[in-house]
Amino acid sequence: MNRLVFKHMAWLVHLSLALVFISGCENESEQMNAQIFETSANGNQLTELTEFVDAEQRVEISIFPNQEFQTITGFGGSFTEASAYLLNRLSRENRMKIIEAYFGESGARYSLTRTHMNSSDFSLRNYSYAPVPGDTQLEHFSIDEDREDIIPMIKDAMAVSEEGFKIIASPWTAPPWMKDNNDWRGGRLLPQYYDTWALFFEKYLKAYRSEGIDIWAFTVENEPLGNDSNWESMHFTPEEMNEFVKNHLGPELRDSGEEVKIFGYDQNRDAELIEWVDVMYDDKEAAAYYDGTAVHWYGSTFNYFPDELQYAHSKAPEKHLIQTEATVDAEVPRWREDAWYWSKEATDWGWDWAPEERKHLHPKYVPVYRYARDIIGTLNNWVDGWVDWNMVLNRQGGPNWAKNWCVAPVIVDPDADEVYFTPLYYTMSHFSRYIRPGAVRIGHTHTDEDLMVTAVKNPDSSIVIVVLNQHEQPKALNISLEGKTLNLAIDQRALQTIVL
């Protein structure tokens, strides 16, 4: 199956892609040329369509390219130690197959990525680049921990990516000796180490640059509200984060001459987001150092929190709003079982552990729908970048020292040297492959609330429309754009990307 997947992917990128002429319009002189790609529960995997299913219900979709919203930064996934370690255990052929699938021209063409500074739950063990207690000048700082896994993975990706990609770096915690509880989990950064921790970011930036790797942005802290001390974490209030950013991190990076963006918050898109952006941006001194807000999706399995996103955008309309982490969490991956990814059987952390008053936000869900719904929903509410979590995990959903099992778009069995591209891989590709950095989201309307739709205008002037049909009936689509029309159909339980 993997050979067929990549044979198909290579076929998609012939040097000159023939535009498919779509018939069925009432006025032949007003027809549009398009390419249509579909992933469906019926078996399509980013398959290019020239014929369509029969559909009784017709949906009108109107595109307005002159209505412009946010500029897109990119889409992608994260370089974790777990993913990089697994790639090291595969054959060279399978390692490069996965790298090409994510970053190559025949693959998903990821353009925005993330990695962790120091260890995270998806590391093999706890570690820090500053392991020596009391080393306030960080004379013993070293990124040697990353040299066998994360750095080679990033370099392999850089080698196959024709357009390049941006990297966001996030710390889960400072080393325990800088914290009030002297532990990897929980606790707060001691004020006497604020300057040292700011210097840590600068040292990391320069160390990675010496490897030929540029860091585009930092988030100040991954999940500053904590994770119940289950794995690496460090707590900040929004006021504490402002203090660190405006009096330590921001000046440290500015005075060193480093050009790197700083994102605040970096946790769930729920009510806390409103509190944080109020504090971040009402403090003008701190706001001057923030380039945007980072958010995660774990507040609900179905709600993408449009009101909170709209509020965050209105608070700082000139700044980034980037989704930096999402994954199917609290689940062990299903191996070569595509049907599971299309079934309403997945649960998340909140299914078991959310407070009673918030359990209604965490029902069972369909993994493919959750990804596609979240990306479309957040794009339509000002998010300009969307980053998945691990790119590669094993059949257990790790390795993960905290046993915090999750799912990734690509699952591997390193002992058998086998690779499984789940439906989530194709779901991500519907966005990352066709919506390019610098694209601008544009206006649209559609007549069926059961569908989800978003549309962008790429830098090359192509128009890309993504449609999600979560229902049991196919839908006929009548797309209109500046006096031209296009008739096609989307299958039941399907995701479709239309390139005009």
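Helices and strands are DSSP runs, numbered from the N terminus. In this predicted model, asparagine 404 lies in the loop between strand S14 (392-394) and strand S15 (406-407).

The chain has 500 residues, and its radius of gyration is 22 Å. A compact globule with that number of residues would have a radius near 23 Å, so the chain agrees with the globule value. The C-alpha trace spans about 75 × 55 × 45 Å along its principal axes. The secondary structure comprises 13 helices and 23 strands. Of the 500 residues, 62% count as buried. Among contacts with a separation of 6 or more, 74% join residues 24 or more positions apart.

One helix pair was examined in detail. Two packed helices are described by the angle between their axes and the distance between the axes. Helix H7 (residues 271-282) packs with helix H9 (residues 306-315) at an angle of about 5°, and the axes are 9 Å apart. Angles under 35 degrees count as roughly parallel, so H7 is roughly parallel to H9. On the H7 side, the contact is made by Ala271, Leu273, Ile274, Val277, Asp278, Tyr281 and Asp282. H9 contributes Glu308, Leu309, Tyr311, Ala312 and Lys315. The residues of this contact divide into 8 nonpolar and 4 charged, with no polar residue.

The loop between S14 and S15 also holds proline 399. A cis peptide bond, with omega of about 5°, joins glycine 398 to proline 399. Asparagine 404 has 16% relative accessibility. Buried means under 20%, so asparagine 404 counts as buried. Beyond residues up to four places away in sequence, asparagine 404 touches Asp121, Phe122, Trp231 and Gly397. Glutamate 331 is 73 residues from asparagine 404 in sequence, yet their C-alpha atoms are 8.7 Å apart in space.

Backbone geometry was then considered at two further loops. Most residues other than glycine have a negative phi, and most peptide bonds are trans. Phenylalanine 305 is not a glycine, but its phi is positive, about 55°. This residue is found in the loop between strand S10 (292-296) and H9. Its relative accessibility is 6%, so phenylalanine 305 counts as buried. Tryptophan 382 is not a glycine either, and has a positive phi of about 85°. Tryptophan 382 is placed in the loop between helix H12 (367-379) and strand S13 (385-390).

Notes: Residues are numbered from 1 along each chain as its sequence is written. This is a predicted model: local features need pLDDT of at least 70, side-chain atom pairs count only at pLDDT 80 or more; totals for chains, interfaces and linings use all residues. Side-chain values use heavy atoms; hydrogens and water are left out. Axes are lines fitted to C-alpha atoms, for helices over the stretch in contact, and angles run from 0 to 180 degrees between N-to-C directions. Helices (H or I, at least four residues) and strands (E, at least two) are DSSP runs, numbered from the N terminus. Angles under 35 degrees count as roughly parallel, over 145 as roughly antiparallel, 65 to 115 as roughly perpendicular and the rest as oblique. Contact means heavy atoms within 4.5 Å. Ala, Val, Leu, Ile, Met, Phe, Trp, Tyr, Cys and Pro count as nonpolar, Asp, Glu, Lys and Arg as charged, and the others, Gly among them, as polar. The radius of gyration is taken over C-alpha atoms; the globule rule is 2.2 Å times the number of residues to the power 0.38. Buried means under 20% relative accessible area, exposed over 50%, partly exposed in between (1.4 Å probe, protein chains only).
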